[in-house]
Amino acid sequence: LNHIVHNGGLYKRPFNEAFEETPMLVAVLTYVGYGVLTLFGYLRDFMRQWKIEKCQNATEREEQKDFVPLYQDFENFYNRNLYMRIRDSWNRPICSVPGAKVDMMERVSHDYNWTFTYTGRVIKDIINMGSYNYLGFAQKAGTCQEAAAKVLSQYGAGVCSTRQEMGNLDKHEELEKLVARFLGVESAMAYGMGFATNSMNIPALVGKGCLILSDELNHASLVLGARLSGATIRIFKHNNMQSLEKLLKDAIVHGQPRTRRPWKKILILVEGIYSMEGSIVRLPEVIALKKKYKSYLYLDEAHSIGALGPSGRGVVEYFGLSPEDVDVMMGTFTKSFGAAGGYIGGKKELIDYLRTYSHSAVYATSLSPPVVEQIITSMKCIMGEDGTNVGKARVQQLAENTRYFRRRLKEMGFIIYGNEDSPVVPLMLYMPAKIGAFGREMLKRNIGVVVVGFPATPIIESRARFCLSAAHTKEMLDTALKEINEVGDLLQLKYSRHRLVPLLDRPFDETTYEETED
Amino acid sequence: VQEKEELIEEWQPEPLVPPVPKDHPALNYNVVSGPPTHIITVNGKECINFASFNFLGLLDNEKVKSAAQASLKKYGVGTCGPRGFYGTFDVHLELEERLAKFMRTEEAIIYSYGFATIASAIPAYSKRGDIVFVDEAACFAIQKGLQASRSNIKLFKHNDMADLERLLKEQETEDQKNPRKARVTRRFIVVEGLYMNTGDVCPLPELIKLKYKYKVRIFLEESLSFGVLGEHGRGITEHFGINIDDIDLISANMENSLASIGGFCCGRSFIIDHQRLSGQGYCFSASLPPLLAAAAIEALNIMEDNPEKVLRLKLSLKLESSLYEISGLKVVGESFSPALHLQLEESCGSRENDVKLLKRVVDYCMNSGIALTQARYLEKEEKCLPPPSIRVVVTVEQTEQELDKAASLLKEAAQSVLN
């Protein structure tokens, strides 16, 4: 495929993405760490079984003790013995708007995280590096909030009906026209939940006899949608165009597995920005492949809409491509628009078909009116149609914050994954003990971060994930960087040896999800 | 290699979507201008609303709206994250506590989308190899949850306990052949309190007996019966006077009686806590916007403080008995169900023609000021497709005169269209 060989031909700007290799010593120590935890886990289970230690798990009713057990003991081993130790890093309750600074309710545990009690104190002004607030529209005052308040008093909060019955409000039609204009497509349709947008519309588009080519690290909603559709699923290595091309060639040449009949359709599922890796999809190459092999492209822009591109139109604008090349443009309103819900945009035939056959249009309640108004106001702001420059300024601020933050972290010596321009910044921790320690140390210093471990990531690659926002000022970022530096020295997290290996062949992890054959 | 190139050149895929005819009944939506409350403006015409599931009339309640406004001023609109990552607000925790207290269970968990509630709850417990006995008339969300779980599904005839017992006995004989496998195969019965597709109530006392006899767990879906059945609106368990701990999981959505968005599951902590890590719609999706949670809390307050609202609904239901006297259309559903179906007494041969006929009835009523809708289904996807019908929803806000007007209009419409 010679027009891809010269990257510069397809890409109008440099594409800098790297995943530094895990240092060997670190990998070994991480495995040792998990091994120790597992041993202790067995020991504690043994002690609980023999009543030496008090069992604090909730248990089955006396009347139902002879029913088949609801959970396998082993299923919950990880939960009981590893997750429970550092459970306080997640589900942190907050009590203010999730903007650049947030207030958190303090909670303590007297029994090693089995139960929590709230002290009643509120920790104020924690720098929020965990919420998906890319353009800073999570605000409790301002034009968006006022417009939403007006619509709330006029329309109420709920809708009590589905789109096809009595739930199609004039607000929904206004929203869909605006979304279509924003994306540059013919038509669009909005849904109440981003997760459900994928899981309910992919089955409407493909079925038995079709082939889905899905990226290794796709989100759970795409995986669920692909499984529910009944089509055959094949997985290609993360962002690896050679792997994708091989699968496409094989599919067309060999046809369906047993009958050798040709496939009805081939659908490629990719995301704009992958939220756990921080990588950006190689869209120009994917589109070139899709055109050559006559397949269809489903692009999930949950994290990239509003966050990439000079005017916030997403990954298509970032690469300077035309939205007509993407068959199905899907995205969510939760991240960059400060609301809730999802949308799908594309040609008019596609959207008409979805209006008739999408599961969500027939059986699920439509979007709540004040939420719709928030989306409309924030979208108009980003487009500049409210008469100010606020939208454009925010998009630029986010890009600047991203570059600055990533550059400084790399200079400090941390291993950072992903693309230079992606506002999702994963910082590698690797060892299980450091997951809990990092989260707690940062909270002590008044910075809220998100840490992720197995099963959301491969077992030795646990990480902390920072989500940058246009609402973060340079002072906030500098404070955060200073604290990260300190904690990095304290916990010895500066693993980087500045040996950047572009596009490492990552091992295919079968625990992510299974492949289904017909 | 030459051959491969040729094959690639020759292959032509189907178009991404087949074209949809312009006059497809589901393509042209009714446009509601303004709030979908008791008096609703549909396609420019003002009508009385008999189509939205606003059973207790809480959609435009001022207290609910002001609670939501206060929440909007404090939190903004969106939560910008899933529950695990700074998306848990104190309103969510409060709503969960209130729901658990109201339903008298240990714990409750909230979802941000009604459809996703039961569709995520079932696959969290039932996996490949487990057995689920489900009623034929189960709603689409339950069907999707079952499909996602990959368990063995056994359908039993609608509300037919004898058929269910037969299936359970068959399973018992299977178990005796392979006791080792039987010890690890979980079994579930999934039923709805008030069925959306037929308006019937499930016979819960018999189900409880079957549960203990054959050692099967019960999952109850109470989207329509929450806020409607029972003295205080606690649902079908209160209606039949059953101990709520006998039901393993109750799932409901807050989009009907509570006039908000989202759904919840409640039950013992042993069961509900599991969904916090394995409910897909809970872990991988943003949490419910706080203003909707605050609206739900206030709606719950009103329900608790004014149990007479639930009683007034029952009175309204008694008044709609005049619907039973329409010739050409038969009423499907229990007398105390607020969401009824009107089906054609005699089908005219094909589903398409039935749908067209019912559309004319609905249009006649809409033109005269009563807003109705046909019940919508995905014809190719449903396991047991119900016959076409008109959905009639009785709410607490409709007066006696309005109910009479609706009944007489339907009579007129049926006479003019069907004769």
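Tutor: B:Tyr75 comes out at 3% relative accessibility, so B:Tyr75 counts as buried. Before we go on, this is a predicted model, where local features need pLDDT of at least 70 and side-chain atom pairs count only at pLDDT 80 or more, while totals for chains, interfaces and linings use all residues. Residues are numbered from 1 along each chain as its sequence is written, chains are lettered from A and ligands numbered from 1 in the order in which they are written, and side-chain values use heavy atoms, leaving out hydrogens and water.

Student: Why is the pair of B:Tyr75 and B:Phe89 called edge-to-face?

Tutor: Rings of Phe, Tyr and Trp (its six-membered ring) pair if their centres lie within 6.5 Å, and planes under 30 degrees apart count as stacked, over 60 as edge-to-face and the rest as tilted. Here the centres are 5.2 Å apart and the planes are at 70 degrees, so the pair is edge-to-face. B:Tyr75 sits in helix 2 (residues 62–75) of chain B and B:Phe89 in strand 3 (residues 88–89) of chain B, 14 residues apart. Helices (H or I, at least four residues) and strands (E, at least two) are DSSP runs, numbered from the N terminus.

Student: What makes B:Phe89 buried?

Tutor: Its relative accessible area is 0%, so B:Phe89 is buried.

Student: And what makes the pair of A:Phe46 and A:Trp50 tilted?

Tutor: The whole structure has 26 aromatic pairs over all chains. In this one, A:Phe46 and A:Trp50 are 6.4 Å centre to centre, with 50 degrees between the planes. A:Trp50 counts as exposed because its relative accessibility is 59%, whereas A:Phe46 is partly exposed at 46%.

Student: How do you know that A:Arg445 and A:Glu483 form a salt bridge?

Tutor: A salt bridge is a side-chain nitrogen of Lys or Arg within 4 Å of a carboxyl oxygen of Asp or Glu. The closest N and O atoms of A:Arg445 and A:Glu483 are 3.2 Å apart, so the pair qualifies. A:Arg445 is in the loop between helix 16 (432–444) and strand 14 (447–448) of chain A and A:Glu483 is in helix 17 (residues 474–491) of chain A, so the pair ties together parts that are 38 residues apart in sequence.

Student: What joins A:Lys482 to A:Glu483?

Tutor: Another salt bridge, with the closest N and O atoms 3.8 Å apart. Salt bridges that share partners join A:Glu441, A:Lys444, A:Arg445, A:Lys482, A:Glu483 and A:Glu486 into one network.

Methods: Buried means under 20% relative accessible area, exposed over 50%, partly exposed in between (1.4 Å probe, protein chains only).
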